[in-house]
Amino acid sequence: MSPSRRGFIATTSAAIAAAACAPALRLASRKKHDLVIRGGTMFDGMGAPGVDADVAISNGVVTAIGRDVEGAGRDEIDARGKAVAPGFIDVHSHGDESLFADPRSESVIRQGVTTIVVGQDGDSRAPSRRPVTAAGLVRGALGTSGAFESMHELFRAVNNLPPSVNVASMVGLGTIRGLVVGEDARPATAGELRQMRALVEGALADGACGVSTGLEYAPGSFASRDELIDLCRPLAGRGLPYATHMRNEDDTLIEAIDEAIAIARGARCPLQISHLKTSGPRNWHKIGDALGRIEAAKAAGLDVAFDRYPYVAYQTGLTNLFPISALDGGADAFLARLVAPDTAGRIRAATLGKVETLAGWNSVMISGVANPVDRDAEGQRLGDYAAKLGQDPYDLAVALLQRNHTDVGTVVFAMSEDNLQRFLAHPLGMVCSDGGAFALEGPARRGHPHPRGLGSFPRVLGRYVRETKTLSLESAIHKLSGFAASRLGLADRGRLAPGAAGDVVVFDPATVADRATFAEPFQYPAGIELVVVNGSIALRDGQRSGSRRGRALRPSGVTL
Ligand SMILES: [Zn+2]
């Protein structure tokens, strides 16, 4: 549907009727809106430049937009000098890791994000018959993650919380493979393939907004290209994306992009390349080739886009430094192989090669450990930490994995700032956090996380719009809202127009900024002043209300 530019001057028929009414009736209906945000510069989320307009919301829905909206609100917000935009959508979020432990999603709301899209990297909370998926374990996920038998059960649990933010979910093929095939590196049998496909179809029927893979993580990585094409076929008729953390993001990045394109073409579905990057200094020059292949696929008719977080370090499990073949069979088999005489040497050599790609052990920071005995490691660079302890860095890495049963998170500094800006500015690029949800206190204060979980969205608006001028404000807002919504079938989200959902963020373009850093990640951003979720104020004057009005979101057209 085309973004209604006319929507800006349009009001609802109710508002028009009210305006035409006799004075007595107008008096009786003076508090006609739940909320009116007045005097701000309104961005529609579809890429149009800002215009002076009020935004009125009632019953959780935008009811009028225009200059001097008629009728008072029960609550009125003065937004003069501020930008008013659709609530941001985090198209690749790990906010589900702590969602059930702390449904406030504090660091998410405080960035102006009103919808998180979870179930990423092949790892979703459903379907599951087990409390923790192997994919979650290998990712080094440190939060408390619920697991649910079906997407329907997950969404029901989300609505029962309820959360502060809206939650949409992909269904993860790593989760499904773990459930049906297990942890082994082998092809699926025909029967297993049928079972997996039925689980994908069931999840999409329940309202999953796409299919995700994490092809650098076990056991999802053990799927062949043909298996992935087969499991993505149910996406075709729905126009929902195959979202992939590709098989490689450094030395064989280009081959991985080709594979992702081949899978989407084979399945005839849209493609979303997750957190696109050129990792490792020796691969930075590949950006032209990488973007060229994506542009060529687009020109040839593939519905393709990508997302990226605004930082030059990534976060993953420490196991990611190790060859994926070593993870065959799961965590215990992996830990045994690390020290077994017939495998230890080969794994060590492959891992040292990967570390060389990243330009050394000090590119790797420990971000979280499961075992309290290693708490001192959090926030330390592996090279420096090993030197301090008088140990070999590889031996230290192995010891950490053993003491933490592989559950060690890392932040890895391996990307180019220039390339980051090219990805952000690219017309097919949108913005994600790839981060979890955190809080300064409570159960969601955990580990020493990548700052992206607390700063991504304000960082785009502050650093990359205001300071480096990499993006215009309207283009950035489009990438943070409407562009993302359009990929996921969330027709009433990501835009400001009468009839759209009442998800709004008001921020000060002159001061909006991230404050979380790699050294001190636990800091909320500045300049995000008001956040409204489904018509209810979640953040006001930068202060949190107790409101938790988020809910599970299904793509338009999915009815239960
Ligand atoms: Zn990923």
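The following legends describe close-up views of a predicted model. Local features are reported at pLDDT of at least 70, side-chain atom pairs only at pLDDT 80 or more, and totals for chains, interfaces and linings use all residues. Residues are numbered from 1 along each chain as its sequence is written, and side-chain values use heavy atoms, with hydrogens and water left out.

**View 1. An aromatic pair formed by F438 and F522.** The search of the whole structure finds nine aromatic pairs, a pair being rings of Phe, Tyr or Trp (its six-membered ring) with centres within 6.5 Å, stacked if the planes are under 30 degrees apart, edge-to-face if over 60 and tilted otherwise. F438 and F522 pair edge-to-face, at 6.3 Å centre to centre with 75° between the planes. This pair links distant parts of the chain, 84 residues apart: F438 is in the loop between β19 (429-431) and α16 (452-467), and F522 in the loop between β20 (504-507) and β21 (528-533). Helices (H or I, at least four residues) and strands (E, at least two) are DSSP runs, numbered from the N terminus. F438 is buried at 7% relative accessible area, and F522 is buried at 12%; buried means under 20%, exposed over 50% and partly exposed in between (1.4 Å probe, protein chains only).

**View 2. Arginine charges over tyrosine rings.** The charged end of R110 sits over the ring of Y524, 4.2 Å from its centre. R308 lies over the face of Y309, at 5.3 Å from the ring centre. The criterion is NZ of Lys or CZ of Arg within 6 Å of the ring centre and within 35 degrees of the ring normal.

**View 3. The contact between helices α7 and α8.** On α7, residues L193, M196, R197 and V200 meet E227, D230 and L231 of α8, where contact means heavy atoms within 4.5 Å.

**View 4. Two cis peptide bonds.** The bond from A126 to P127 is cis, with omega near 0°; P127 is found in the loop between β9 (113-118) and α4 (134-139). The bond from A218 to P219 is also cis, with omega near 0°, and P219 lies in the loop between β12 (211-214) and α8.

**View 5. Positive phi at R268 and H405.** Most residues other than glycine have a negative phi. R268 has a positive phi of about 55° in the loop between α9 (253-267) and β14 (271-273), and is exposed at 70% relative accessible area. H405 has a positive phi of about 45°.
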